[in-house]
Amino acid sequence: MEMKKRQEDEERSTLSELPDDIMVEILAKIPPKFLYKTIRCVYKSWYRLISSTEFMNKTAIHHNPGIFIQSVRYFRSTTNTSFLQMDGLNFNLTNLGSSMGIIRSSCNGLVLVYEPISKEVNNLCVKNLLTGPTSLTLPNCLSGCTHKHGYHGRAPGRILHTYCGSALGFDPLTKVYKVVHINNDGYGIEVFTIGSDKTWRKFEDMKFFWRDPVSIKGQVFHWFVDSEKYIFSMDISNEKVSKTKLPYIGKTIKKEHYDLVAMDEKLAFVYKGSESKIDVWVLNDFGRQVWSMEHSIVANWEEEKKLPQFMKLVAVATWRNGEVIMFKAIENFVWDHHDFIYLYDTRSKEMKEFKMKLQYVTKFIPHRSSPC
């Protein structure tokens, strides 16, 4: 027994003395649920590594991506969060309950959420889902924004909206995380750098009806700004905001007919040209603003009997490095409502209904690290 115990002590000692870069590689391959419940408690050095930016970047690569799905009961004030993952041809839906808060953005295993404290106060927080339930509460915005939310339209087609736009990003040059916030009252853009800023920094007065942006790798944000010609984009490194022209599609773009989603780490412009045709354009060169038409979704006569009108589809996310596009159907009011989700496979060019039942879904947030 003593010999076995001495051997175990020597093994622990050897592990604790390994260089940080090697330990990061080892720990990154361990499922997150074991990291949080067991591994992080073994050594203080391991806890420090698991909480580091380097480790976050590494785990974003090793762990399967998924989508946070947030559902809101129409006649209640509760929000339920689930996490959807795709393993080959199988789907796994994990119910995370109602304690998450409203997720605004995800970046490298971190999520930006706002948690209603009262009718007047809603705090923006950053949570690390790998290392536990603790969160970093950000200071109040200079604009005095309370980050309230509401709904457009009637259930089930209503869309969750907030009175501001915000997102969490990562600067690959300085290795720091930043939160960007824009208030709809025209106050301007506010930026908070985690770890160095004590208060928000304000620049550029811009008055639009802002939504949460589409995040590309947490490094570039793109905002829909109620225009038929352009969107606004921001490089998180230099914090420069610029107009990005929408693709030339051969006719006037109708702003209510397009959606923006992240697709294989690039921005996709999904345009509903008719009741039976959807075109998908990809921004291949952000700096030069070069778009290319990558996919054309056309419903044939047989499919039209099984599928909803394309004008009622909203692109909400993509799977498998952009190979699968997820759509939500905006249907008429139904009291006992189940949302209809459709998946389009760009390789087989087939669109099928997603068989897993989802209720009252209002937000889909792509995430690159498992929460369980």
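What follows is a chat about strands and salt bridges in a predicted model.

Q: Let's start with the sheet that has β14 in it. What's the strand order?
A: The order is β14-β15-β16-β17, in an open sheet of 4 strands with antiparallel pairing.

Q: Which strands sit at the edges?
A: β14 (214-216) and β17 (240-245) are the edge strands, and each of them pairs on one side only.

Q: And how much twist is there from one strand to the next?
A: The average is 25°.

Q: Okay, how many bridges join β16 to β17?
A: There are 6 bridges between β17 and β16 (residues 230-235), with the two strands running antiparallel. Across that pairing, Y230 is opposite K245, and D235 has K240 as its bridge partner.

Q: Switching to charges. How many salt bridges turn up in the whole structure?
A: The search finds 16.

Q: Back to E239, then. Which side chain does E239 meet in a salt bridge?
A: K178, at 2.9 Å from N to O. The pair ties together distant parts of the chain, with K178 in strand β11 (residues 176-183) and E239 in the loop between β16 and β17, 61 residues apart.

Q: Is that pair buried or exposed?
A: K178 counts as buried because its relative accessibility is 6%. E239 is also buried, at 14%.

Q: How far apart are the closest N and O atoms of R201 and D197?
A: They are 3.0 Å apart, in a salt bridge.

Q: Why does D197 count as buried while R201 counts as partly exposed?
A: D197 has 18% relative accessibility, so it falls under the 20% limit for buried. R201 is at 30%, so it lands between the 20% and 50% limits and is called partly exposed.

Q: What does the side chain of R201 do with T193?
A: The side chains of R201 and T193 make a polar contact at 3.0 Å.

Q: Where's T193, and what does T193 touch?
A: T193 is in strand β12 (residues 189-193). Leaving out residues up to four places away in sequence, T193 touches V176, Y177, K178 and R201.

Q: Buried or exposed, that T193?
A: Buried, because its relative accessibility is 8%.

Q: Last one: what does E350 pair up with?
A: E350 forms a salt bridge with K352, and their closest N and O atoms are 3.8 Å apart. E350 is partly exposed at 38% relative accessible area, whereas K352 counts as exposed at 54%.

How values were computed
Residues numbered from 1 in each chain as written. Predicted model: local features only at pLDDT ≥ 70, side-chain atom pairs only at ≥ 80, totals over all residues. Heavy atoms only, no water. Pairing = 2+ DSSP bridges. Axes fitted to C-alpha atoms, helices over the stretch in contact; angles between N-to-C directions. Salt bridge = Lys/Arg side-chain N within 4 Å of Asp/Glu carboxyl O. Buried < 20%, exposed > 50% of the residue type's maximum accessible area, 1.4 Å probe, protein only. Polar contact = N/O pair within 3.5 Å; in protein donor to acceptor, adjacent residues only side chain to side chain. Contact = heavy atoms within 4.5 Å.
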